[in-house]
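Hello,

Here is the structure I promised to pass on. Have a look at it first, and then read on for what turned up in it.

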Amino acid sequence: MEIRIDNLKIRPRKLVFAEPVEKFPVLRELVERGEVGFHGDISTDLVATLVGTLVEVEGSLACTVVIPCSRCLQPAEQQLDLRIALAFTRQKMSEAGTGEERELTEEEVGLIPFEGDTIDLRSSLEQELLMGLPQHPLCADDCAGLCPVCGANLNRNRCDCPPPVFNGGLSALKGFKVTKE
Ligand SMILES: [Zn+2]
Ligand SMILES: [Zn+2]
């Protein structure tokens, strides 16, 4: 998942990869902890372009994640197709490692620094994928979730628990007064 800057000087380059999740250290850790799973490879369809001093990488990143449904906790499979738009800028020798802080100019905000003649996309793409993981995944749009009383999966079987009282918390607040000193 590397871009050679020299190659971009001639023309933009397509970056079509398909790599197993094991090659992404942070994702691999999540998988080992059982927080998320992946079906098949993580694939990219990107184009890298040299624009002045910037290297722009645009396109898509796709994979199939298996993640617990936020209502019933059963594994839910979701197809992710993320838009990718990254811009890399060469770290200036004078700034690298001086520890000197200065304000970023408007153009520099959001730029990812790189050194040397190649850019390794792996960690940036990994970050994009982590941010793109569904926050409230559902196994189905109409997932009935778990019974809050007995924990039964209501997609499979109904239980006989009385319906929960949702306004309990609010009525408790009614008698609450804020006193100012
Ligand atoms: Zn569900
Ligand atoms: Zn129940």
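Let me start with one pair of residues: Cys 63 has Leu 80, in E5, as its bridge partner. Please keep in mind throughout that this is a predicted model.

Strand E4 covers residues 54–68 and strand E5 covers residues 75–90, and the two pair in the antiparallel sense over 15 bridges. Together E4 and E5 form a hairpin, with six residues between them.

Leu 73 lies in the loop between E4 and E5, and its phi is near 70 degrees, a positive value in a residue other than glycine. Leu 73 counts as partly exposed because it has 13 C-beta neighbours inside 10 Å.

With strand E6 (residues 112–114), E5 pairs in the parallel sense over three bridges. If you want a place to look, Thr 89 has Pro 113, in E6, as its bridge partner.

Back in E4, you will find Thr 64. Leaving aside residues up to four places away in sequence, Thr 64 touches Phe 38, His 39, Gly 40, Glu 77 and Gln 79. Asp 41 is 23 residues away from Thr 64 along the chain, and their C-alpha atoms are separated by 8.1 Å.

Terms used:
Residues numbered from 1 in each chain as written. Chains lettered and ligands numbered in written order. Predicted model: local features only at pLDDT ≥ 70, side-chain atom pairs only at ≥ 80, totals over all residues. Pairing = 2+ DSSP bridges. Helix = DSSP H or I, 4+ residues; strand = E, 2+ residues; numbered from the N terminus. Contact = placed C-beta atoms within 7 Å. Buried ≥ 20, exposed ≤ 12 C-beta atoms within 10 Å, placed from the backbone.
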